[in-house]
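Here is a friendly briefing to read alongside the model. Shall we take a look together?

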Amino acid sequence: MAFKTIDLNMGPQHPSTHGVLRLRLAVDNELVLRVEPVLGYLHRGMEKLWESQTYVQAVPLTDRLDYLASLSNNLAYILAVEKLMGLEVPKRAQYIRVILAELQRLASHLAWLGFMANDIGAMSVLLYGFEAREGVLDVFEAYSGGRLTVHGMRIGGVPFDLDERVIGLVRRALDEIPRKVADIEGLLSQNRIWLHRTEGIGVLSAADAVAYGVTGPALRASGVAWDIRRDVPYSSYGDFDFAVPVFGHGDVYDRYLVRVEEIRQSLRIAGQALENLPPGDFRARVPRVLKIPPGEIFHSIEAPKGELGFYIRSDGSDKPERVKMRSPSFLNLQALELMCKENLFSDVVGILGSLDVVLGEVDK
Amino acid sequence: MTAHPLVVDFLIPVLKIAAVILYPLVMVIVMIWMERRVVALIQGRLGPNRVGFEGILQPAADAFKLFFKEDIIPRQADRFLFNLSPVLVLVSSLLAFCFIPLGESFRIKGYTLTLWVAESPVGLLLVLGLSSIGVFGIIFGGWASNSKYPLMGALRSVVQILSYEIPLGMTVLTVIFFSRSIDLVAIVNHQKDARIWFGFLLPVSFVVFWISGIAETNRAPFDLPEAESELVAGYHTEYSGMKFAFFYIAEYAHMVLVSSLVVILFFGGWLPPFPNVAALAFLHRIPGFLWYLAKIMFFLYLYVWIRATLPRYRFDALIKLAWKWLIPLSALNLVAVAVLRYVL
Amino acid sequence: MLDDLKDAPALKRVEESLRRRFGAALLAASFEKGELQFEAARETLSGVLEFLKTGLGFESLTDMIGLDLVASRPEGAGRFAVLYQLYKFPEALRVRLRVAVDDGEALPSVTPLFRAADWMEREVFDMFGIRFEGHPGLTRIYLPDEFEGFPLRKDFPLEGRERGL
């Protein structure tokens, strides 16, 4: 029986599209010819909402963008606002922000690891990854009460100081996670089936990655050594000693390796920040009604998914005139078709998993 | 005194037939429970442990639920084939159990009670043939659903099963070189006389047979045709209610069948281990049937363990594994065993 | 803190190269908070971006931002502005190009230069209604195709409209 090309639809309800993403595929027997993502199922009009909320009210909304890494969204927005205001944030607050942001990176990458392994069939790794993630979520819960949408940063600093209990939980997480990640690596990294499913699949060249605006682990897996924490340091990242993993093949396996290595580096950074926590205020003084003189700013950070940026234009009132979010998952997803071409249909799921897209961020 | 003819010619066969239907079904229930609990424990969770003692009634609860589900037949489906395929798949698995011997026969009141429904001099062939009829069920199911995903899943499934039949058959041949018979009871008895199990004599055959067996039953890591993350549920996507339950039961029954074959062909069926060691002679007092059960449970556990641990093979790699590795390997194995058998 | 003044000499050089090349077509250039922002006219947009990419090495289009300035624009300027945020990787230089465009006017699409612009332009079109000529497939990206109106325009109500779509 000969097949002409089949049009297949994956999603928006599908166990492996990681959210409400719809993919329209044209498949010739098993080979993928075309991939067209259809977006907007989670579009909530955040940018319009931000225009009618004060700068302070907008912060909890940012939690809901990349909901698996809410503190990173908080940080990106708040840093942009602070840069627009010209506000100096106390050193202690900056260090606490680094600890929280790196723990958030751990949580995001561990969730990603679980989901990706599950998509490729190693179901137990999903639970091991989430079990490791629980250590981080315990810290967030003790700190601000939220596990997923943490809202753990404020304009000018952080909402609370790190007390004994939180520090204890952080130390426990930093101690236990390396062992659990080592277990997962033992199951996957050298496993024949895993290698077969990930090596050479979904290749993205460095030139293509830059052309498509891909950022984050996917960009580094393609060989471009760009990490905003190191290259345009913010929030005292320059004080810490860490490596930025860069691999050259740009395939699914390299994207996996980059993130696993980033987990290790995040543990390092958080450990250093915790050991060297300077004394001082954890929050700068910010007026109750925050009005920012007219101006505009674009600022971005290295979120777990890639470069997360905010453009803010102020008109002198207490509400911004325009807030635009530069979404890493949105642009990474654009490169999906290129990566899936000439690959088999079964690999689409793996490639999508390796991109680590979160629809909250894609659709705003 | 001999038993009454009515009992011998009618009642006992009827009881055996009932047993041969019930035995795999009971094993399926145990298997479903074991799978869910073991996979859960490997993953660091508990699994269903509320319904009944430690959750043993959970499969019954699931079956109960499926019984009451609406039976949906897609409008464009081919009704006859759609209804036929779950039946084909289940019946073929269950039928094969007629020829599986569960233990040694023993005498009651002068009558020899055999622990199998039928003994046939070509028992092995019948078992393999009957279980292959299930393939038709899969094709019909995928085709009759009239939908892309099930069709693709069914095609993949069929190609996979066909490809792995070949190494399966070739490894079975190596066993036959030694047993000189394809009667399953004779194969077990031969292992008893030879005082060694074929699994130790023919380790390569055992490993290839086991791998092929996993592929035959569409189980992980060869479960791409029904992987949820890819094709939703493969050839049984469009099925609901009892028909889906049939597919589900049939898959587990097939696993029990494959485990039974492995145990009979390679691990001595109902024979206790270490027959040569005098100190362990008490093992012979445990009935053969229990040994058989214990061995099957081990292989069923192995099925579950592998599923919880390994990622999934992509389809082309799956087929490559069969044609580039297992078939040449089993062919070489066949020749080597043949040569050694006649030389030694 | 966040302002890296060490960027300033490099950015000043960028500004000078642009002035030398485009002269009067470069409408305004300002430098604040560590960023170089300049404005170009609609007609010279492609040329300027091409020069920035191939001549000055700004290979990465980080973001495209649409603005509805109906409330705050100075007289005579276009209603909308589109901002192009560009990067040069190794030196971490950032430059922002601003183009004014009026209601009904279209901008040339920059997808031939920057593949990333594909979805970015679709988003600006979806939210503001600004068309991009030469785009490979300018359709809405977030909202359903049948949707009428452009939500991020200032005259589109926050709560949506009564009749839904």
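R105(A) and E102(A) sit 3 residues apart in helix α4 (residues 91-120) of chain A, so about one helical turn separates them. Helices here are DSSP runs of H or I with at least four residues, strands are E runs of at least two, and both are numbered from the N terminus. This is a predicted model, in which local features need pLDDT of at least 70 and side-chain atom pairs count only at pLDDT 80 or more, while totals for chains, interfaces and linings use all residues. Residues are numbered from 1 along each chain as its sequence is written, chains are lettered from A and ligands numbered from 1 in the order in which they are written, and side-chain values use heavy atoms, leaving out hydrogens and water.

**Salt bridges in chain A**

- R105(A) and E102(A) also form a salt bridge, with their closest N and O atoms 3.3 Å apart; the term stands for a side-chain nitrogen of Lys or Arg within 4 Å of a carboxyl oxygen of Asp or Glu.
- Side chains of opposite charge can pair when their charged atoms come close.
- R105(A) counts as buried at 2% relative accessibility, and E102(A) counts as buried at 0%; buried means under 20% relative accessible area, exposed over 50% and partly exposed in between, using a 1.4 Å probe and protein chains only.
- E102(A) has another salt bridge, to R229(A), where the closest N and O atoms are 3.2 Å apart.
- That pair ties together parts that are 127 residues apart in sequence, because E102(A) lies in helix α4 of chain A and R229(A) in helix α10 (residues 228-231) of chain A.
- R229(A) is buried too, with a relative accessible area of 2%.
- A network of salt bridges links E102(A), R105(A), R220(A), D227(A), R229(A), E262(A) and E302(A).
- Elsewhere in chain A, R322(A) and E47(A) meet through their side chains in a salt bridge of 3.3 Å, N to O.
- R322(A) belongs to strand β6 (residues 320-326) of chain A and E47(A) to helix α1 (residues 46-51) of chain A, so this pair ties together parts that are 275 residues apart in sequence.
- Both partners count as buried, R322(A) at 4% relative accessibility and E47(A) at 5%.
- Over all chains, the structure holds 46 salt bridges.

- Since 11 of the 11 residues of α14(A) are buried, the helix is largely enclosed by the rest of the structure.
- Among the buried residues of α14(A) are F345(A), D347(A), I351(A) and L355(A).
- Just after α14(A), D356(A) takes a positive phi of about 55 degrees.
- Phi of E342(A) is near 65 degrees, a positive value in a residue other than glycine, and E342(A) counts as exposed at 62% relative accessibility.

**Chain B: a helix pair and a loop**

- Helix α4 (residues 123-132) and helix α11 (residues 241-266) of chain B pack at an angle of about 160 degrees, with their axes 12 Å apart; axes are lines fitted to C-alpha atoms, for helices over the stretch in contact, and angles run from 0 to 180 degrees between N-to-C directions.
- This makes α4(B) roughly antiparallel to α11(B), a label for angles over 145 degrees, whereas those under 35 count as roughly parallel, 65 to 115 as roughly perpendicular and the rest as oblique.
- The crossing of α4(B) and α11(B) is left-handed, which means that the near helix is turned anticlockwise from the far one by less than a right angle.
- L124(B), V127(B), L128(B) and S131(B) of α4(B) make the contact with H254(B), L257(B), L261(B) and L265(B) of α11(B); contact means heavy atoms within 4.5 Å.
- By class, the contact of α4(B) with α11(B) has 6 nonpolar, 2 polar and no charged residues; Ala, Val, Leu, Ile, Met, Phe, Trp, Tyr, Cys and Pro count as nonpolar, Asp, Glu, Lys and Arg as charged, and the others, Gly among them, as polar.
- R180(B), in the loop between α6 (148-179) and α7 (184-194) of chain B, has a positive phi near 55 degrees and counts as exposed at 58% relative accessibility.

**How the chains meet**

- Of the 2 pairs of chains that touch, chains A and C have the most contacts between them.
- Chain B and chain C do not touch, and their nearest C-alpha atoms are 25 Å apart.
- L67(C), in strand β3 (residues 60-68) of chain C, counts as buried at 1% relative accessibility.
- Leaving aside residues up to four places away in sequence, L67(C) touches residues including Y311(A), R313(A), R322(A), F80(C) and F128(C).
- L67(C) and F80(C) are 13 residues apart in sequence and 5.5 Å apart in space, C-alpha to C-alpha.
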